[in-house]
Amino acid sequence: MQTITDKPKIEKLLTRLTTYIANKLHLSTMAAVGAVCMSKVANELAGGKIPEGTTFDELSERLFKEVTMAGK
């Protein structure tokens, strides 16, 4: 299984995920950065464990579920 390991691609995805969470949950950028940094999704992405071909929609859906479940 090929995984996403390209650092610029990972950074771009993390930036997009942070913006997505900030907008979706009406959070400040700093709060969104914290939520994303502590997420399993971000850790898997940074650790090269996300399969190549995974879409932004798939990642953002997983992240949204993870972040909203953490608050319950």
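Trainee: What ground rules apply here?

Mentor: The model is predicted, so local features need pLDDT of at least 70 and side-chain atom pairs count only at pLDDT 80 or more, while totals for chains, interfaces and linings use all residues. Residues are numbered from 1 along each chain as its sequence is written, and side-chain values use heavy atoms, with hydrogens and water left out.

Trainee: How many helices and strands does the chain have?

Mentor: Elements are DSSP runs, numbered from the N terminus: helices are H or I of at least four residues, strands are E of at least two. This chain has four helices and zero strands. Along the sequence the pattern reads α-α-α-α.

Trainee: What share of the contacts joins residues 24 or more positions apart?

Mentor: Contact means heavy atoms within 4.5 Å. Among contacts with a separation of 6 or more, 66% join residues 24 or more positions apart.

Trainee: Which residues of the largest nonpolar core touch the most other members?

Mentor: In soluble globular proteins, nonpolar side chains tend to be buried together. Buried means under 20% relative accessible area, exposed over 50%, partly exposed in between (1.4 Å probe, protein chains only). A nonpolar core is a set of buried Ala, Val, Leu, Ile, Met, Phe, Trp, Tyr and Cys residues joined through side-chain atoms within 4.5 Å. The largest one has 17 residues, and I4, L13, L17, I21, L45, L59 and L63 touch the most other members. Two or more residues each come from α1 (7-24), α2 (29-37), α3 (40-46) and α4 (56-70). The largest share, five residues, is from α1.

Trainee: What does L59 touch?

Mentor: L59 is in helix α4. It is buried, at 0% relative accessible area. Beyond four places in sequence, L59 touches L13, L17, V41, I50 and T54. L59 and L45 lie 14 residues apart in sequence, and 9.3 Å apart C-alpha to C-alpha.

Trainee: Where do the buried residues of α2 fall, seen down its axis?

Mentor: An α-helix has 3.6 residues a turn, so residues three or four places apart point the same way. In α2 the buried residues are A32, A35 and V36. They fall within an arc of 95° (directions from the helix axis to the C-beta atoms), so they line one face of the helix. The face turned away from that buried side carries exposed M30 and C37.

Trainee: Is S39 buried or exposed?

Mentor: S39 is in the loop between α2 and α3. At 2% relative accessibility, it counts as buried. Its side chain reaches the backbone oxygen of V36 at 2.7 Å. S39 also touches L63 and E66, leaving out residues up to four places away in sequence.

Trainee: What is the phi of H26?

Mentor: H26 has a positive phi of about 55°, although it is not a glycine. H26 lies in the loop between α1 and α2. It is exposed, with a relative accessible area of 73%. H26 is among the contacts of I21, including L27, A32 and V67.

Methods: Polar contact = N/O pair within 3.5 Å; in protein donor to acceptor, adjacent residues only side chain to side chain.
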